[in-house]
Amino acid sequence: MRVIVVGAGVLGTMHAWQAVQRGHEVVHIEREREARGASVRNFGLIWVSGRAAGAELETALRARTLWAEIATAVPGLGFRANGSLTTLTTEAELAVARAALAAPDADARGFRLLTPAEVRAANPALRGELLGALACDRDAAVEPRTAQRALKDALRLSGRYTFLGGREVREIVGDRAVRDDHGEVHSGDAVVLCTGAWLGGLVRELAPTLPVRRVRLQMMQTAPLGEELTTSVADADSFRYYPAYSGTALEAMAVGQAQPPVAAEHKMQLLMVQRADGGLTIGDTHEYAEPFAFDVDEAPYEHLTTVAESLLGRPLPQIRRRWAGVYAQCVDTTRVVHREQVRDGVWLVTGPGGRGMTCSPAIAETTANELGW
């Protein structure tokens, strides 16, 4: 079988991986020279802890297993099973953590509630004043700026993989073929479109009522911290964002503990993960109404800096990079992904939202199974 995959972000690359692993030939087409969208602009988090119970959590857990398996073949992913700590600074936050720990799926997520002393033993870089932390042993991380390149390098070794960068697919031609903007036609037995936040042009022609929206976020990265941040870190505002924590305890926290105005305005949480070079990736914000701004707003960065420094108990290293990114998210956020057959033998897979890095291996596996690869 010959599979045409369009889009070289993590979702497209994982579809290529599934096809090659099952013995098929892949032609992988990307409109940029290399992927430059949300797949390289994120935290690199494989985030099980906050996923909604049911299909979303099952997908994330399966993906977590697949990430670990793929990492044995592709060390360049920078995969590490470092877990996470969601830090707690108030009694209301502690109550939400206790409710999460009492949920039926707490063991599957690897939840544990740590005392302040246990937090510092687990992650000595967290020197701020804390009441404890909710640990998730199933969370992990990879290096987002290099993971897709490492996967492509491994795919090339199969002899069944061709990457064509700098080519935009303009139309579907006949049965199971695409024409790119160089005028070249690529035909196969199946076409999978994983075009990320690119929802116009050909995607709009193929799926004019696509139930997917775009979301913009802001993030930053520091110089090396100078010490190890042994886990990924979240603040308790992440409870407001992730569906795993919904319930009466969260409702009470939302009523009694208002977010700072800048955090509420930008729908913020703090996530912090250490990169292979020792720097910290820190974010993020959420903007849903288009047209999006073309520049970045400084106020959210100031808030993130304040929160990060309060948890670390020290000043952040110099900020070396700031950026914005845009991802595609299903309008019905309970859906893990939108998968639609748009032509005979042509499938569109998009809209995982902020779950893309976490869930892409399992999403691709499901596509492969459903298409009978």
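User: Two strands pair if DSSP finds at least two bridges between them. In this predicted model, which residue of β19 stands opposite R339?

Analyst: Strand β18 covers residues 338-343, and strand β19 covers residues 346-350. The two strands are joined by 5 bridges and run antiparallel. Within β19, the residue opposite R339 is V349.

User: In what order do the strands of the open sheet of 6 strands stand?

Analyst: Strands of a sheet pair through backbone hydrogen bonds, either parallel or antiparallel. In this sheet the pairing is mixed: β1 and β12 run parallel, whereas β18 and β19 run antiparallel. The order of the strands is β8-β2-β1-β12-β19-β18.

User: Which strands have one side left without a neighbour in this sheet, and why?

Analyst: A strand at the edge of this sheet has a single partner strand, so one of its sides lacks a neighbour there. Neighbouring strands are turned by 20° against each other on average, direction ignored. The strands at the edges are β8 and β18.

User: About what angle does the direction of α12 make with that of β18?

Analyst: Helix α12 spans residues 356-370. This helix packs on the sheet and touches β18 and β19. The angle between the directions of α12 and β18 is about 40°.

User: Which residue of β19 is the bridge partner of L193?

Analyst: Strand β12 comprises residues 190-193. With β1 it forms 4 bridges, and A190 of β12 is the bridge partner of V3. Another 3 bridges join β12 to β19, and these two strands run parallel. In β19, the partner of L193 is L348.

User: Are the residues on the two faces of β12 buried or exposed?

Analyst: In a regular strand the side chains alternate between the two faces of the sheet. In β12, A190 and V192 lie on one side, while V191 and L193 lie on the other. Buried here means under 20% relative accessible area. Both faces are covered, and these four residues are all buried.

User: Which element gives the largest share of the largest nonpolar core?

Analyst: This core has 42 residues, and those with the most contacts inside it are V26, W67, L77 and W373. Elements that give two or more residues to it include β1, β12, β19 and α12. The largest share, 7 residues, comes from α1.

Methods. Residues are numbered from 1 along each chain as its sequence is written. This is a predicted model: local features need pLDDT of at least 70, side-chain atom pairs count only at pLDDT 80 or more; totals for chains, interfaces and linings use all residues. Side-chain values use heavy atoms; hydrogens and water are left out. Buried means under 20% relative accessible area, exposed over 50%, partly exposed in between (1.4 Å probe, protein chains only). A nonpolar core is a set of buried Ala, Val, Leu, Ile, Met, Phe, Trp, Tyr and Cys residues joined through side-chain atoms within 4.5 Å. Axes are lines fitted to C-alpha atoms, for helices over the stretch in contact, and angles run from 0 to 180 degrees between N-to-C directions. Contact means heavy atoms within 4.5 Å.
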